[in-house]
Amino acid sequence: MSSAAYWIDTYLRQGVCSDHAEGLRHREVGTAAFRRHDLSKAAAAYSDCLHVLDETTISGSAAASHVYCNRALVLLQQRPPDKQAALQDSTCAIACDRANCKAWYRRACSHEALLNYSAACSDAAMAVQLSSGTQHEDCVRLLQRLQAAAKLPVLSSKGANSAAAAGITADAEPKIPPDMAEIPSLSVPASECMLDVHNSKAQGRQLAVTNNIAAGTVMWTEQPYVHVLLKRHRKQKCSHCLKPLPAQACYSCQACSLVRYCTPHCRQSDSFHTSGGIECGVPWPLLLPADVVLAVRMVSKMSQCSDAQPTESSCTAQDSQANAEHIRSLETHWQQTSPQVLTELTLLSTVAALCCCQYSSGLPSPSAGSILTALLQIHVNGLAVVPAQHTNEEDRVALAVYATASLMNHSCQPNVALAFDGKVLTARAVEALPAGQPVLHCYGPQKGAMITPLRQQQLQQQYHFLCQCRACKTGFDLTEQATVGLQCLDTRCNGLLVPKQAVAAGLCSVAALPSHTGSGCCSKCHHSWSEDLQAASHPVWQTLEAAQAEYQHAMADLKQQQAPSMQTLTAVSGLLRHVAEVQSQCLCPTNQLLCQTWGQLVEVLKAIGTFEEAASCCKKVLDMLHRTYPSNSTAVGYQRLQLADLLRHVGAGAEADDEYVEAMKILHLHFGVSYAVSMHTTLH
């Protein structure tokens, strides 16, 4: 490696590799905080220490063992104590250094807190065996106390020999709690849903049901074949299971500081960050886009499956190979991909292949061609892992490829809803499906969120097909035109029109409208206003531009303050009222921009405490959504839930209950009982 390459590599590895000295500094901060009884700061400092220690080295492992012990003590002393996390920490301490007497002592205390007296006695016996001096006396007292609690014969202070005589032995390996075990890669409820793959000239390969399915039925649950956590969530979500990280005790990769996990089990399960993992301690996963990292993971996993030699009894290995074969057969549509995009993806794939080769430590690395193929497959078949209530791309948590879900074809009005519990996907039928019905998922904006021409354009650009689903077959009808339309410029007419020329986002539509989206003619009087609206100086454009500028100013005022003052909220509410009034004079009553303004006003009025006006505005939004979205859409469900909450604040209990019941019907249909219960708990 040249001198320049060496320094570049050194620079890129900063913040990625371990730093023993930095870890010891964090440990000192944690110890000082513990002595001040600042347990929260102590736990945070110990976590920062573990994040930069290399547990694969002798010195790092020994240091980590003591820090895990310290953090376990903090977790036991905080109120309320986190007993399970303390048990996990003390188990990690033992794994780092089995000769650490304090680790066995701490795990015995954790088991005691969890009332696991038998396991506690076993660990205390090992602590007695390893201890000496005053520490030995403490361990003996703990063991005797535990034996009394467990109603076992109280052992003498000789400890180790007596413990062995009584048959008490220390558990060598940590046990994985049942709720931490992986679910199967694919689980289909027995006798409820039968799935099959059909092939047709028109639709190609597609997933379909072979028996009648009732609305709300769980059709299948599935683990991803591969997934990658988006970089902006690295400090909030577990890199393996994608669930939120614990506030006090998360776990880092044992050899680098790139990733965090919620439990030791998740850390052990991440094959990309185990010893020799392709991403461990190297900078490229942090620098390259998430879809490229996912492509490298996909190629690596398929390569591992090809190299494996499953036995006839190894069902898991056979399933894994079957999934790998299916993933290999996914469409790429490279022939329809534009030369510019193909060139960009080729360059990224080449860079990724070079990075893998540079940091492979002699292991076989994926080729640029295989990474490019996987990248194209991901762009066509990948799924964004999102929370139940999401509004835009910023809500995305991860990018993943699911073997079964990738078989679903598209519909702008889908018959299946996907919900994610961490990385586990659950598919539910949102309407009754007769036998033979294709299982249809929405790849992009659904009906109501975007007009047909824009949906079709977006799908054509990314997925290379012209959508002709049931929602698109109705075309750009008057209902859809009203969501982006202006009122007829003749004040005596109550018709609507969609401009013929291109219109910037925020004037009469949330998204920009390309030219020829509309005809420029009124739907009622049929007068053509194209020439009048062609001039940017036309009063209607000037009025809407001023309203949009005012709306943006109001949003900027809210974003500037993390907790806006009452004065700011009052001022913003006034701006939004004025914007809504101006837009109501120019736009159709169900225009998306007007709906957006009313929705923002509801949030501000809630913050102020003006619940009656907020409920009135919320009803307007709900009426707009009813006119444009399917009746069982989550957009309608969440709006009804919000209205129920506002109505309770103004004392309209009966009406609130009705809205709440209807909202829960929709949310239960999409997300199941557990989510509906959690929403009920949140509201009450």
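**Entry 1: histidines with positive phi**

I started at histidine 526, which is exposed at a relative accessible area of 58%. For burial I use these cut-offs: buried is under 20% relative accessible area, exposed is over 50%, and partly exposed is in between, with a 1.4 Å probe and protein chains only. Histidine 526 has a positive phi of about 65 degrees, although it is not a glycine. I found histidine 526 in the loop between β15 (496-497) and α19 (530-534). Helices (H or I, at least four residues) and strands (E, at least two) are DSSP runs, numbered from the N terminus.

I noted that this is a predicted model, where local features need pLDDT of at least 70, side-chain atom pairs count only at pLDDT 80 or more, and totals for chains, interfaces and linings use all residues. Residues are numbered from 1 along each chain as its sequence is written, and side-chain values use heavy atoms, with hydrogens and water left out.

Next I looked up histidine 464. Its phi is also positive, about 65 degrees, and it is not a glycine. Histidine 464 sits in the loop between α16 and α17. Is histidine 464 buried or exposed? Its relative accessibility is 18%, so histidine 464 counts as buried.

**Entry 2: helix α16**

Helix α16 covers residues 452-463. Its 12 residues reach 16 Å from first C-alpha to last, close to the 16 Å expected at 1.5 Å a residue. The expected span is 1.5 Å times one less than the number of residues. I listed the buried residues of α16: Thr452, Leu454, Arg455, Gln456, Leu459 and Tyr463. Their cover includes α15 (368-381), β10 (409-410), α17 (470-473) and α18 (478-484).

**Entry 3: a cis peptide**

I looked at the bond joining arginine 79 and proline 80. It is a cis peptide bond, with omega about -5 degrees. Proline 80 is in the loop between α4 (58-77) and α5 (83-96).

**Entry 4: α20 against α21**

I then took helix α20 (residues 539-560) with helix α21 (residues 566-586). Their axes come within 9 Å and cross at roughly 160 degrees. Axes are lines fitted to C-alpha atoms, for helices over the stretch in contact, and angles run from 0 to 180 degrees between N-to-C directions. The two helices, α20 and α21, are therefore roughly antiparallel. Angles under 35 degrees count as roughly parallel, over 145 as roughly antiparallel, 65 to 115 as roughly perpendicular and the rest as oblique.

Contact means heavy atoms within 4.5 Å. Among the residues making the contact are Val540, Leu544 and Tyr551 of α20 and Leu569, Val572 and Cys586 of α21. In α20, the buried residues include Trp541, Gln548 and Asp557. I saw the buried residues of α20 pack against β14 (486-487), α19, α21 and α22 (592-608).

**Entry 5: α23 against α24**

Helix α23 (residues 611-628) and helix α24 (residues 634-649) pack at about 160 degrees, with axes 9 Å apart. So α23 and α24 are roughly antiparallel. I picked out some of the contact: Phe611, Cys618 and Leu625 are among the α23 residues, and Val636, Leu643 and His649 are among those of α24.

**Entry 6: the whole chain**

Last, I checked totals. The chain has 25 helices and 15 strands. Of its 684 residues, 48% count as buried. Among contacts between residues at least 6 apart in sequence, 62% join residues at least 24 apart.
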